[in-house]
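Subject: Structure handover

Hello,

Here is the structure we talked about handing over. My notes on what was found in it follow below.

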Amino acid sequence: MRNLTRILPVDADGLATAAALLRAGWLVAFPTETVYGLGGSALDEAAVARIFAAKGRPAEDPLIVHLADVAELPRVTTALPVSVTLLAEAFWPGPLTLIVPRGPDIPLSVTAGRPTVAVRIPAHPVARALLREVGLPIAAPSANRFGYTSPTTAAHVLADLDGRIDAILDGGPTMIGVESTVLDLTTPIPTLLRPGGISLEALRDRLGSVLVGQRQPAGSGAGLASPGLLERHYAPVTPLWFVRGSPEAMQIWLRERVCAELALGHRVGLLVPDEDAAALADLEVDCEPLGPAGDVSQIARHLYAALRALDQRQPTLILARDLGAIGLALAIRDRLTRAAAGRVVELEPMLGT
């Protein structure tokens, strides 16, 4: 069956076509270093409405505005906290989103009605080339159905949004694999709202004190401070269980849970590091090894693609385990906790808390 959404090559013609579509108010998915984003003009209320409709995204969940360069910040904000310069020098372009006061040209629909706006400057060469070509601030949440697993390839975007958006720039697999870090600079002390590609440790090295925010329940009616704060997010269709504890305790729990599920006639999917995959290789499970437990960058790159692959094969349930809370592992913990939607098993002793 022919795709309804155009797949554009990453060349001069493809970038020009994508930019023309965005300037006309249409939607284009494009790669960033984190995940694929679903882009629309951040200055065009009709384009913003199309983003929400294509994803099935609730209006309470704000969008991140992407810029080509720091010099464009005055287009989207009325005031810049002093720390912006320090953070921009260290982490932009890159996977850091900053919450700053909203400028008058940004529609309230972008910010979920809040007086703040989330902004970042992506590092991916295709994203940067597109932003320069279009010449507009681009609102771009992840290019997938709302609440489900984020896309790290053009094929993932097509699987979720074919016929709902106008085009996809195919830049290959993304480099980091989990979403950007979100840091609120409008609070008295900078507050980490979502861990991501820039670690909490790196932020504290630059700023000193950084608080860690809390998850927010859905359905409150109030606009969220940032994307990625809902209890259930990034989730597969298949129920996922997430276990936290020491490596030894988690491996024992995984074996016992797999054996119990197999005894009930269930099909079990495993989303685990290579070491656990090897240790549990004698069990009849559908396993997606993520890479060595010590290489969290590799695991992050593979996480969503592996989760999507397992989900497509429709096991009865998926089991995943924690990697701790240091560096990028904290972002992986956050995504799997939200993907589990409350199905989190805490073991003792805890790892990395």
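This is a predicted model: local features need pLDDT of at least 70, side-chain atom pairs count only at pLDDT 80 or more; totals for chains, interfaces and linings use all residues.

Before the notes, one definition: two strands pair if DSSP finds at least two bridges between them.

Overall picture

The chain holds ten helices and 16 strands. Its C-alpha atoms fill a box of roughly 60 × 55 × 35 Å along the principal axes. The radius of gyration is 20 Å, which agrees with the value near 20 Å for a compact globule of 353 residues. Buried residues make up 57% of those 353 residues. Of the contacts with a separation of 6 or more, 69% are between residues 24 or more positions apart. The accessible surface of the chain comes to about 13,700 Å², and 55% of that belongs to carbon and sulfur atoms.

In general, strands of a sheet pair through backbone hydrogen bonds, either parallel or antiparallel. Here, an open sheet of five strands has the order S14-S13-S15-S12-S16, with parallel pairing. Its edge strands are S14 (286-289) and S16 (344-346), each of which pairs on one side only. On average, neighbouring strands of this sheet are turned by 20 degrees against each other, direction ignored.

The pairings that I went through are these:

- S13 (residues 268-272) and S14 run parallel and are joined by four bridges.
- S13 and S15 are paired in the parallel sense, over four bridges; Val268 stands opposite Leu317 in S15.
- S12 and S15 also run parallel, with four bridges; the partner of Trp241 in S15 is Leu319.

Helix H9 lies across S12 (240-244), S13, S14 and S15, and runs at about 175 degrees to S13. Helix H10 (residues 328-340) touches S12, S13, S15 and S16, and its direction makes about 135 degrees with that of S12.

How enclosed is S15 by the rest of the structure? It is largely enclosed, because five of its five residues are buried. In a regular strand the side chains alternate between the two faces of the sheet. In S15 both faces are covered: Leu317, Leu319 and Arg321 are buried on one side, and Ile318 and Ala320 are buried on the other.

Backbone points to look at

Trp92 and Pro93 are joined by a cis peptide bond, with omega about -5 degrees. Pro93 is in the loop between helix H3 (83-91) and strand S5 (96-101).

Ala112 is not a glycine, but has a positive phi of about 55 degrees. Its place is in the loop between S5 and strand S6 (116-120). Gln314, another residue other than glycine, has a positive phi near 55 degrees. Gln314 is found in the loop between helix H9 (296-312) and strand S15 (317-321).

Are these two residues buried or exposed? Ala112 counts as buried because its relative accessible area is 15%, under the cut-off of 20%. Gln314 counts as exposed because its relative accessibility is 60%, over the cut-off of 50%.

Thr152 and its surroundings

Thr152 lies in the loop between strand S7 (138-139) and helix H5 (154-161). It is buried, with a relative accessible area of 4%. Leaving out residues up to four places away in sequence, Thr152 touches Thr34, Val35, Tyr36, Gly172, Pro173, Thr174, Gly177, Tyr304 and Ala305.

Cysteines

How many disulfides are there? The count is zero, where a disulfide is a pair of cysteine sulfur atoms within 2.5 Å. The closest cysteine sulfur to that of Cys259 is in Cys287, 14 Å away, so the two are too far apart for a bond. Likewise, Cys287 is in no disulfide, and its nearest cysteine sulfur is that of Cys259. Both residues are partly exposed: Cys259 has a relative accessible area of 36%, and Cys287 has 25%.

Regards

Conventions. Residues are numbered from 1 along each chain as its sequence is written. Side-chain values use heavy atoms; hydrogens and water are left out. Helices (H or I, at least four residues) and strands (E, at least two) are DSSP runs, numbered from the N terminus. Buried means under 20% relative accessible area, exposed over 50%, partly exposed in between (1.4 Å probe, protein chains only). Axes are lines fitted to C-alpha atoms, for helices over the stretch in contact, and angles run from 0 to 180 degrees between N-to-C directions. Contact means heavy atoms within 4.5 Å. The radius of gyration is taken over C-alpha atoms; the globule rule is 2.2 Å times the number of residues to the power 0.38. Accessible areas come from the Shrake-Rupley method with a 1.4 Å probe; for residues, only the protein chains shown count as cover.
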